[in-house]
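Hello,

Here is the structure I promised to pass on to you. My notes on it follow below.

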Amino acid sequence: MLETMQAPLFFGLIAASVTTIGLVAVSVRGDWSARFSTLMGLAAAGMLLTLSLLHIAPHAFEYSQHAPAFMLVGFLGGLLLNYTIHALFPESAGGGRAAAFTPIMAIAIHSFIDGVIYSVTFAASFSAGVYAALSLILHEFPEGVIAFAILRRHNFSNRQSFFWAFLAASATTPLGVVMSSPFMYFLGPEAVGALFAASAGLLLYVATGPLMAPLKD
């Protein structure tokens, strides 16, 4: 099993490193990030919309004929999660820290699924795995920036934002590789497409819901 995990884990660690570079780049200007957190939040929404519609969704439709249904499930799941958090922590409605939970969880889930995709595609063939990995790595840098911007906008300190964004957007990718590798031969294209679609739906909710909140201010 270790041999089959080497290639996807290698690329998963590269992806985590690229995300971390994005975190470092934005965290060294932490004060600036705090001042422009609203603008960064809206920019993050735009990046998430682009990522979901132009990168994740096409793969989902390629792999699964039920992708639209799973996208809806992901979107409604984000809505339900956000509603539950606001019900449990009503003070977060004014921009408190709890309001960051839904978008950060969405990024963590998506990043974890990226790790699963590495395992599945490398199980199919080495060339397919490399192609998929290179495509996924392209969005890792802005993913780190997005996670950091969300946390700063919800009153986390520079150090706290870096730590939690690293866990959500960076560490989860190799974790996805490690946890999915033993089961990768049981995940067919339909299952991969379902995961992609649910991830796209969840990120679409984050982009059009929590990250658009500044427009109401």
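To start with a question: which residues are buried in H7? They are Glu 140, Glu 143, Gly 144, Val 145, Ile 146, Ala 147, Phe 148, Ala 149, Ile 150, Leu 151, Arg 152 and Arg 153. Buried here means under 20% relative accessible area, exposed means over 50%, and partly exposed is in between, with a 1.4 Å probe and protein chains only.

Before going on, a word on the basis: this is a predicted model, where local features need pLDDT of at least 70 and side-chain atom pairs count only at pLDDT 80 or more, while totals for chains, interfaces and linings use all residues. Residues are numbered from 1 along each chain as its sequence is written, and side-chain values use heavy atoms, with hydrogens and water left out.

Back to H7, which covers residues 140-153. Helices (H or I, at least four residues) are DSSP runs, numbered from the N terminus. Twelve of the 14 residues of H7 are buried, so the helix is mostly covered. Its end C-alpha atoms are 20 Å apart, which agrees with the 20 Å that its 14 residues should span at 1.5 Å a residue (the expected span is 1.5 Å times one less than the number of residues). Just after H7, Asn 155 has a positive phi of about 70 degrees.

Leaving out residues up to four places away in sequence, Thr 173 touches Gly 12, Ala 15, Ser 111, Asp 114, Gly 115 and Tyr 118 (contact means heavy atoms within 4.5 Å).

Finally, the whole structure holds three aromatic pairs. Rings of Phe, Tyr and Trp (its six-membered ring) pair if their centres lie within 6.5 Å; planes under 30 degrees apart count as stacked, over 60 as edge-to-face and the rest as tilted. One of the pairs is Phe 75 with Tyr 205, edge-to-face because the planes are at 90 degrees, with centres 5.5 Å apart. This pair links distant parts of the chain, 130 residues apart: Phe 75 is in H4 (residues 67-88) and Tyr 205 in H9 (residues 189-208). Phe 75 is partly exposed at 29%, whereas Tyr 205 is buried at 7%.

Best wishes

Note on methods
Helices (H or I, at least four residues) and strands (E, at least two) are DSSP runs, numbered from the N terminus.
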